[in-house]
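Subject: Structure handover and notes

Dear colleague,

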Amino acid sequence: MAPSRALFRYRSIAQRRPSPRLLSPVCHVQYQQTAHLTYHSVLLTALSLGPSRCSSLITKRWYSQRNTTPPEPPDYLNEAELNVFHKIRTELDPVKLEVQDISGGCGSMYAIEVESPRFKGLSVIKQHKLVNSVLAEEIKNWHGVQLRTRAV
């Protein structure tokens, strides 16, 4: 079975790729300016400069970045869910936060999912204790709570 044309194309680009030390100053500037751009826009920039000048732009690895902005509450949360959401958001600085009343609307049981950098290095039990300490007053009035926590 013969290799595909895409594989041959990739090999030819990889073999022609210059060393980072040998890149032209224009290419370095373009490479630094593309840190916030999408892969598609970088590919267009690299193609406009020509393959001999900036082939390292095409082969740059694009890793997904975690969202660093605090989550915003969805518009469908009721007043009690919104209170829990804001309390956790201010105390734990989560990357992901979901709060849902699973008691049918009476507010006696909640499902809470939290992903936070504050959980790093803590066991699951300690993560849950941290959330429980933040929501201590609210939990006194609840029948139950389902917690899912994750360190980021």
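Which residues touch the most other members of the largest nonpolar core? This is a predicted model, in which local features need pLDDT of at least 70 and side-chain atom pairs count only at pLDDT 80 or more, while totals for chains, interfaces and linings use all residues. Residues are numbered from 1 along each chain as its sequence is written, and side-chain values use heavy atoms, with hydrogens and water left out.

A nonpolar core here is a set of buried Ala, Val, Leu, Ile, Met, Phe, Trp, Tyr and Cys residues joined through side-chain atoms within 4.5 Å, where buried means under 20% relative accessible area, exposed over 50% and partly exposed in between (1.4 Å probe, protein chains only). The largest one has 16 residues, of which Val 84, Ile 88, Leu 92, Leu 97, Ile 112, Val 114 and Leu 135 touch the most other members. Two or more residues come from each of H5, E1, E2 and helix H6 (124-134), the largest share, four residues, being that of H5; helices (H or I, at least four residues) and strands (E, at least two) are DSSP runs numbered from the N terminus. Apart from neighbours within four places in sequence, Val 84 is in contact (heavy atoms within 4.5 Å) with Val 99, Ile 112, Leu 135 and Trp 142.

The axes of H5 and H6 come within 10 Å and cross at roughly 120°; they are lines fitted to C-alpha atoms, for helices over the stretch in contact, with angles running from 0 to 180 degrees between N-to-C directions. On the H5 side the contact is made by Lys 87, Ile 88, Glu 91 and Leu 92, and on the H6 side by Leu 130, Val 131 and Val 134.

As for charged pairs, a search of the whole structure finds seven salt bridges, each being a side-chain nitrogen of Lys or Arg within 4 Å of a carboxyl oxygen of Asp or Glu. In one of them, Lys 96 pairs with Glu 113, with the closest N and O atoms 3.2 Å apart; because Lys 96 lies in strand E1 (residues 96-101) and Glu 113 in strand E2 (residues 109-116), the pair ties together parts that are 17 residues apart in sequence. Lys 96 is partly exposed, at 28% relative accessible area, whereas Glu 113 is buried, at 18%. Both belong to a salt-bridge network that links Lys 96, Glu 98, Glu 113 and Arg 148.

Best regards
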